[in-house]
Amino acid sequence: MARHTPSLALPPAPRVFFDAVLHPHRSLGRHGFRVLMGVVILVNLLIAGIFAANGAWPVVPFCGLDVVILWLAFRVNNRAARLYERVRLTDTDLTVQRVAWNKPERRWSLQPNWLRVTLDGPPRHGGRVTLTSHGQSVTVGAFLTPDERADFAKALRGALALWRRAPCHPEPVP
């Protein structure tokens, strides 16, 4: 005899129209960093050896100091690379999540019915992509290149157009 156990119905997952995770570009990976540091250390050892052989031994610690300073600069840069922004458009809202290594996570929720995506004037390094809805504005992708910002804005506008055409999307909350 089979027993029937009632199942708990889960609410349906919201449809996702757009989901992008934006990261700052870092051109030097771990392997590249190791190679660069190896070359810098070898060159500094060569220079330190030449100065030490000629009797200028006080120069040797400074050759090590510049290696340490370069390593520290890369360490700070790699921490800053942990920054990311996630922009997600679902049936109900558009959320922006910003995570940085040295700041608490921030999250914004915007109503997509009245959402405007604006890209500042001519594409230049200081341009911005701004999301505005009901008097609330959020700037996203400030670390992107001008072309990447333009592509992002175009993709988000396309997703918003799809969201607005989608059947059965929820009515705006007054």
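Which residues does leucine 110 touch, not counting residues up to four places away in sequence? The legends below take up this residue and several others in a predicted model.

**Figure 1. Overview of the chain.** The predicted model has three helices and seven strands. Read from the N terminus, the order of elements is β-α-α-β-β-β-β-β-β-α. The chain has 174 residues, of which 29% count as buried. Its accessible surface comes to about 12,200 Å², and carbon and sulfur atoms account for 63% of that surface. Of the contacts between residues at least 6 apart in sequence, 55% join residues at least 24 apart.

Figure 2. Strand E4 spans residues 103–110 and contains leucine 110. Leaving out residues up to four places away in sequence, leucine 110 touches Asp93, Leu94, Leu115, Leu131, Ser133, Gln136 and Val138. Its relative accessible area is 2%, below the 20% limit, so leucine 110 is buried. The C-alpha atoms of leucine 110 and threonine 95 are separated by 6.2 Å, and the two residues are 15 apart along the chain.

**Figure 3. Helix H1 against helix H2.** Two packed helices are described by the angle between their axes and the distance between the axes. Here the axes of H1 (residues 30–53) and H2 (residues 60–80) come within 8 Å and cross at roughly 165 degrees. That angle makes H1 roughly antiparallel to H2, because angles over 145 degrees count as roughly antiparallel. The crossing of H1 past H2 is right-handed. On the H1 side the contact is formed by Phe33, Leu36, Met37, Val40, Ile41, Asn44, Ile47, Ala48 and Ala52. These meet Val60, Cys63, Asp66, Val67, Leu70, Trp71 and Phe74 in H2. Sorted by class, the contact of H1 with H2 has 14 nonpolar residues, one polar residue and one charged residue.

**Figure 4. Proline 24 in the loop between E1 and H1.** Proline 24 is found in the loop that runs between these two elements. With a relative accessible area of 12%, under the 20% limit, proline 24 is therefore buried. Apart from neighbours within four places in sequence, proline 24 is in contact with Ala80, Ala81, Leu83 and Phe143. Proline 24 and leucine 144 are 120 residues apart in sequence, while their C-alpha atoms are 6.4 Å apart in space.

**Figure 5. Valine 21 in strand E1.** Strand E1, residues 16–22, includes valine 21. The relative accessibility of valine 21 is 44%, which lies between 20% and 50%, so this residue counts as partly exposed. Valine 21 touches Tyr84, Glu85 and Arg86, when residues up to four places away in sequence are not counted. A separation of 6.5 Å is found between the C-alpha atoms of valine 21 and valine 87, which are 66 residues apart along the chain.

**Figure 6. Histidine 134 between strands E6 and E7.** The loop between E6 (129–133) and E7 (136–140) holds histidine 134. Most residues other than glycine have a negative phi. Histidine 134 has a positive phi of about 55 degrees, although it is not a glycine. Its relative accessible area is 58%, over the 50% limit, so histidine 134 is exposed.

Terms used:
Residues are numbered from 1 along each chain as its sequence is written. This is a predicted model: local features need pLDDT of at least 70, side-chain atom pairs count only at pLDDT 80 or more; totals for chains, interfaces and linings use all residues. Side-chain values use heavy atoms; hydrogens and water are left out. Helices (H or I, at least four residues) and strands (E, at least two) are DSSP runs, numbered from the N terminus. Buried means under 20% relative accessible area, exposed over 50%, partly exposed in between (1.4 Å probe, protein chains only). Contact means heavy atoms within 4.5 Å. Accessible areas come from the Shrake-Rupley method with a 1.4 Å probe; for residues, only the protein chains shown count as cover. Axes are lines fitted to C-alpha atoms, for helices over the stretch in contact, and angles run from 0 to 180 degrees between N-to-C directions. Angles under 35 degrees count as roughly parallel, over 145 as roughly antiparallel, 65 to 115 as roughly perpendicular and the rest as oblique. A crossing is left-handed if the near helix is turned anticlockwise from the far one by less than a right angle, and right-handed if clockwise. Ala, Val, Leu, Ile, Met, Phe, Trp, Tyr, Cys and Pro count as nonpolar, Asp, Glu, Lys and Arg as charged, and the others, Gly among them, as polar.
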